Amino acid sequence: MTSKGAHYFEERPGAAARPGTVDVVLPDLHLRLATDSGVFSPGRLDPGTRVLLETVPPPPQEGDLLDLGCGYGPIALTMASRAPEATVWAVDVNRRSVELCERNARTAGLYKVRSMHVDDVPADVRFSAIWSNPAIRIGKPALHAMLTRWLDRLTPDGTAYLVVQKHLGSDSLQRWLGEQGWETGRVASRSAYRVLRVAARPGGAAGSPGGTTTNDPAGRTAADDEER
Ligand SMILES: C[S@@+](CC[C@H](N)C(=O)[O-])C[C@H]1O[C@@H](n2cnc3c(N)ncnc32)[C@H](O)[C@@H]1O
């Protein structure tokens, strides 16, 4: 939440600019990233994102990789640092996030990061890896639509890694993914976070990606739904 009634996943955050920086210090890299108000976790590397980045295996070294919901870019830039020959697509609905991620990639000299609005990714691109700290707070229907849209763009041998807080519904998300035909396992569990590994489902990449972006205006969370 950025201000009363505002969400970090708004397309055009109204919050007044409050530029800052976040140092992303991982065993293999150090990035100083520009942040701002109106984007996710502008004051520090989100602890869930840290768990993801400290537990995922190295990404494929070529092809197209995706950071779904890039924010100011810690996941996309880490992927690009670990796979400098690959093209990293960094997508978000929040325009301020996309601009920050773009600027941060340029500053870091990571020229194979392509930051853009989710609806601007060419329809024929397929991803051999997706890493994401997905926006659980957009509500379960929107979350499921978002994941279906992008997981079906994995290459047949592609893999997604998702970090989800346990109390925001990691177990029910894992169940739902399995029910939809994505073989899903838990590869890490640290403090309140779970990292899920999701394999492409048969026929996924062949299907039409379709759809544009609509987040649940009611703003229900997966956890809210879980409580029902
Ligand atoms: C939990 S934040 C993670 C941000 C960043 N990856 C990080 O780790 O700091 C989730 C991001 O997903 C974005 N988002 C919300 N709805 C989305 C959608 N339908 N498609 C893509 N991204 C979305 C939000 O704007 C937000 O930046």
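How do the residues of the shell around the ligand divide into nonpolar, polar and charged?

## The ligand shell

In this predicted model, the shell around the ligand divides into 13 nonpolar residues, nine polar ones and two that are charged. The ligand is surrounded by 24 residues, of which the closest are F9, T49, G69, G71 and A135. Among the secondary-structure elements that contribute to this shell are helix α2 and strand β4, each of which supplies at least two of its residues.

## Strand β4 and its two neighbours

Strand β4, which spans residues 87-92, is largely enclosed by the rest of the structure, because five of its six residues are buried. On one side of the description stands strand β3 (residues 64-68), which pairs with β4 in the parallel sense over five bridges; within this pairing, L65 has V88 of β4 as its bridge partner.

## The chain as a whole

The protein chain contains six helices and nine strands. Of its 228 residues, 46% count as buried. When contacts between residues at least 6 apart in sequence are considered, 70% of them join residues that are at least 24 apart.

## Confidence of the prediction

The mean pLDDT of the protein chain is 89, and 87% of its residues reach a value of 70 or more. Two segments call for separate mention. Over residues 1-5 the pLDDT stays under 50, and for this segment the model has eight contacts beyond four places in sequence. Over residues 217-228 the pLDDT likewise stays under 50, and here the model has 24 contacts beyond four places in sequence.

Note on methods:
Residues numbered from 1 in each chain as written. Predicted model: local features only at pLDDT ≥ 70, side-chain atom pairs only at ≥ 80, totals over all residues. Buried ≥ 20, exposed ≤ 12 C-beta atoms within 10 Å, placed from the backbone. Helix = DSSP H or I, 4+ residues; strand = E, 2+ residues; numbered from the N terminus. Pairing = 2+ DSSP bridges. Near = placed C-beta within 6 Å. Nonpolar A, V, L, I, M, F, W, Y, C, P; charged D, E, K, R; others polar. pLDDT = per-residue confidence, 0-100. Contact = placed C-beta atoms within 7 Å.
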